[in-house]
Amino acid sequence: MLVHLIARPLTHGSRLPTSAVRLLAESLRTAGAEVVEDIWAIPSNDMETSVSATAIELAERWRERRPDVVHTIGVVAARAALQAAEEVPVVVTFDEDPATEHEQELAGQATAVIPLSRAERDRWRAAGVRTLWSGSFPYPVPVPDEDACARPGGDVVTFCSGADLDRLVSSMPMWDGRLVVLARIDEERRTALRARALALGVWDRIDLRPGLRGEARDAMWSQAALLVAGREGARHAGQVMEAASRGIPSVAVASEAHLDHIVGRSTGLLLDPAADTRTLGRAVISLLDDPFGMRAMGTSALVRIRTSHVPLVAGQRISAMYREALPVEEATPAPRPIGLNPRPDSDDDLDRTALALQHLSLARQLAGWYSGRGQSREDLVQVASLGLVRAAERFDPAHGKEFHSFAIPTILGELRKHFRDHAWAVRVPRSLQETTLQVQRAAEQMRQTMGHEASPADLAAQLGLVEEEVLLALRAGGEARSSHSLDHPVGDDESVADLVGDTDPALDLIELRHDVRAALSRLPEREQQILLMRFYGERTQSEIAERLGISQVHVSRVLSRTLAALRDHVLDDVPLPASWSRRSGQDDPTPGRPAAARRRPAAQAAGRASAPAMDDPRAERTEIPRPRRAS
């Protein structure tokens with residue numbers, strides 16, 4: 001499959017950087033596709049001139065060799081490709097932020113749209129536009145080979161340049177540390193920002209570094225503690241994914257692709273888009289004042305990126321999207337509506353009726369193949385009979401084929417369509433239905449070839465999916481297809497109704513979690529690193545020992561000693577070792593209270609209350625922990 005990937009931005013209208021688009025092309029090549037990159041800058045700032053020139057150039061190139069599919073990124077590339085394309089399928093991705101007025105028109109002309117988030121997908125589908133989607137946009141992310149982790153006491157990084165940057169700067173008196181701004185800001189905006197920062201007394205803590213690239217950018221991330229992501233860039237969440245690949249958690253507004261790439265209180269914090277300055281400041285403080293929790297979120301974000309955005313898997317998934325957009329080699333003639341023939345009593349119609357009646361046994365036989373899957377046999381026979389009638393309506397003996405050879409695919413298609421659309425007790429997304437059918441077919445084939453049941457990992461490798469997607473498909477196929485009454489027995493003396501509304505056992509662990517969190521913040525640096533790598537990075541003791549340059553036995557002893565001390569402290573109120581406080585630089589008897597926070601004025605610390613619940617139903621509805629007052 002030859003893919004022509006086009007990203008020709010008009011100045012800075014397209015937000016995805018050139019390096020990210022090239023990584024996408026390389027991922028497609030890794031997956032076996034032939035890719036032609038066309039991601040040059042456009043010299044003209046006039047859109048009409050740029051579109052016309054690009055369309056002429058593309059038409060000339062496609063005369064020499066026609067691509068199988070064209071994928072455009074940005075409005076200018078989409079307009080040019082649609083003008084040049086005649087029979088070439090064009091799929092488009094819009095990354096302009098904010099959305100432009102041309103997108104709706106171009107989406108209607110394109111073969112399909114590949115959205116960058118679930119929110120964008122829902123908007124396109126509501127507008128009647130065809131979308132290609134596989135759970136989340138399979139965007140490849142480069143992950144450094146070495147282990148990365150958020151650095152306690154490090155910098156706060158942001159790409160914001162508008163109102164979100166104003167709120168972040170206004171919150172700086174509430175927290176310590178330096179703010180690194182990577183956004184491009186014009187001179188007028190920079191002057192206004194400087195005036196605001198000088199009035200707040202924080203200008204000396206702001207470092208403007210627009211367009212940072214290469215080794216300087218790597219060095220900046222190595223000194224970072226967290227990322228603050230605003231609405232600018234939320235359409236593709238590329239900044240959040242870049243931070244996650246470095247082990248850096250994010251504080252972001254709950255909008256667009258941020259909702260897909262941030263797991264609240266696990267890989268970062270999601271805030272209401274209408275959150276005020278104090279709410280933003282409290283969110284930043286909650287992480288800066290909790291180094292262990294901040295590093296745990298960063299490690300979780302890194303693990304998630306490594307498992308769900310592998311370049312090979314991303315290339316395979318987006319190649320599958322392209323194949324969905326390809327035209328069918330031999331279009332099947334549309335069936336004529338039954339009962340609307342111009343001459344119902346013609347000889348042809350009588351022949352078709354006789355043909356269908358002669359093969360009713362074939363329909364019953366094929367329906368029997370699908371019995372025992374939660375649908376009654378009578379319903380399946382009716383669906384198969386409908387497929388038989390449609391096959392008889394479309395059958396043309398002049399093609400030289402036997403009727404049963406023509407009818408079997410049609411009947412099986414009707415049966416599969418019935419299971420896809422009507423056999424689910426719980427309605428699941430169409431993409432998950434399709435994935436479930438793929439997994440079931442692959443499992444059956446691998447069972448026959450391997451002689452035993454295939455594992456989820458084997459199925460994921462066979463289909464080019466992530467293992468979590470396979471597990472979700474298996475669960476959907478087993479649980480979403482059938483339902484039980486609340487009186488259905490689940491034990492000797494229990495029914496489903498007895499299990500509804502049971503008390504959440506995790507409620508008893510809330511206080512324990514709080515005590516453990518406070519105790520973890522007092523761990524020395526080495527013990528924190530070992531616990532993070534063991535329980536968040538999922539590394540073995542041998543890997544931890546090699547990383548830290550100590551023996552595996554030493555790692556085992558440190559883990560045992562640390563966990564025992566934490567257990568005794570939380571469950572039996574045994575004081576933590578005094579050496580921990582000395583080595584970690586804490587002399588405050590109040591656990592979990594860093595020295596930097598104790599130096600702040602008491603009135604300032606008292607003003608930081610828990611964040612209000614979010615109004616956005618998709619946002620993470622959590623409360624930002626209130627830092628304790630200094631003794």
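Predicted model: local features only at pLDDT ≥ 70, side-chain atom pairs only at ≥ 80, totals over all residues.
Trainee: How do you know that the span of helix α23 agrees with its number of residues?
Mentor: Helix α23 covers residues 525-536, which is 12 residues. The expected span is 1.5 Å times one less than the number of residues. That gives 16 Å for α23, and its end C-alpha atoms are 16 Å apart, so the two agree.

Trainee: Which residues of α23 are buried?
Mentor: Glu-527, Gln-528, Ile-530, Leu-531, Leu-532 and Met-533. Buried means under 20% relative accessible area.

Trainee: Why is Glu-525 called partly exposed?
Mentor: Glu-525 lies in helix α23. Its relative accessibility is 43%. Buried is under 20% and exposed is over 50%. The value falls in between, so Glu-525 counts as partly exposed.

Trainee: How far is Glu-525 from Phe-292 in sequence and in space?
Mentor: They are 233 residues apart in sequence. In space, the distance is 9.7 Å, C-alpha to C-alpha.

Trainee: Why is Asp-572 called exposed?
Mentor: Asp-572 lies in helix α25. Exposed means over 50%. Asp-572 has 53% relative accessibility, so it counts as exposed.

Trainee: What makes the patch of negative charge on the surface?
Mentor: Glu-511, Asp-515, Asp-568, Asp-572 and Asp-573 gather there. Asp and Glu count as negative, so the patch is called negative.

Trainee: Which elements give two or more residues to the negative patch?
Mentor: Those are α22 (510-520) and α25 (552-572).

Key. Residues numbered from 1 in each chain as written. Heavy atoms only, no water. Patch = residues over 30% accessible without salt bridge, like charges linked within 9 Å, V, L, I, M, F, W, Y side chains within 5 Å. Areas by Shrake-Rupley, 256 points an atom, 1.4 Å probe, with all protein chains shown as cover. Salt bridge = Lys/Arg side-chain N within 4 Å of Asp/Glu carboxyl O. Charge placed at Lys NZ, Arg CZ, Asp CG, Glu CD. Helix = DSSP H or I, 4+ residues; strand = E, 2+ residues; numbered from the N terminus. Buried < 20%, exposed > 50% of the residue type's maximum accessible area, 1.4 Å probe, protein only.
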